Amino acid sequence: MSATAGQAQSERSLAERLGFKASQVVQEIGYDDDCDEELRSSIEAVTGSELVDEDYEDVVDVVVLWWRDEDGDLVDGLVDARTSLADGGHIWLLTPKAGRDGHVEPSEIGESAPTAGLSQTSSMSAAQEWSGTRLVAPKVRK
């Protein structure tokens, strides 16, 4: 076994780095030919089930929202993504990295998230061509 193969086995998968866990129900919105298949497969491997699509009618733990600049109003997209989200769930907003077709400026995400009732908790490289922004709904005080 080569050194790189050994390293690969000890590294966490893409989905694990993004915080996906076994048994989570993950809804995917905005899938198209440009989506990262390695990330999608990684999420399914970690959660143990296939991603559900936007027609899914039950609550989900995580929404993976693939979003490109030309997809329309980001606030509307985020509000729609929240409708199936369970309490304590979160959204991974995946946007093309800078310099790629469909890139969404971080400032647009920063302005759109609060308007949609979400808070940004982290950002990271989610795949070779995609950046990920983790968004959560603020906890309600009782």
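Tutor: Let us begin with H90, which touches D61, V62, V63, L85, R134, L135 and V136 when residues up to four places away in sequence are not counted, a contact being heavy atoms within 4.5 Å. This is a predicted model, in which local features need pLDDT of at least 70 and side-chain atom pairs count only at pLDDT 80 or more, while totals for chains, interfaces and linings use all residues. Residues are numbered from 1 along each chain as its sequence is written, and side-chain values use heavy atoms, with hydrogens and water left out.

Student: Where does H90 sit, and is H90 buried or exposed?

Tutor: H90 has its place in strand 3, and because its relative accessibility is 6%, H90 counts as buried. Buried means under 20% relative accessible area, exposed means over 50%, and partly exposed is in between, using a 1.4 Å probe and protein chains only. Strands here are DSSP runs of E with at least two residues, and helices are runs of H or I with at least four, both numbered from the N terminus.

Student: Which strand does strand 3 pair with in the antiparallel sense over 7 bridges?

Tutor: That partner is strand 5, residues 130-136, where two strands are said to pair if DSSP finds at least two bridges between them.

Student: Why is strand 5 described as largely enclosed?

Tutor: Strand 5 is largely enclosed by the rest of the structure because 5 of its 7 residues are buried.

Student: Switching to the core, which residues touch the most other members of the largest one?

Tutor: In the largest nonpolar core, which has 19 residues, V63, L65, L78, I91 and L93 touch the most other members. A nonpolar core here is a set of buried Ala, Val, Leu, Ile, Met, Phe, Trp, Tyr and Cys residues joined through side-chain atoms within 4.5 Å. Strand 2 (60-66), helix 4 (74-82), strand 3 (85-96) and helix 5 (106-115) each supply at least two residues of this core, and the largest share, 4 residues, comes from helix 4. Apart from this core lies another, of 18 residues, including L39, I43, L51 and V64.

Student: What does L93 touch?

Tutor: Leaving out residues up to four places away in sequence, L93 touches L65, W67, L74, L78, I109, S131, G132, T133 and L135.

Student: I also noticed R68; where does it lie, and what is in contact with it?

Tutor: R68 lies in the loop between strand 2 and helix 4, and with a relative accessible area of 5% R68 is buried. Its contacts, leaving aside neighbours within four places in sequence, are G30, Y31, D32, D34, C35, P96, G102, V104 and W130.

Student: What about D76?

Tutor: D76 is found in helix 4 and is partly exposed, with a relative accessible area of 47%.

Student: Last one: how many helices and strands does the chain have?

Tutor: The chain has 5 helices and 5 strands, and from the N terminus on its elements run α-α-β-α-β-α-β-α-β-β. Of its 142 residues, 40% count as buried.
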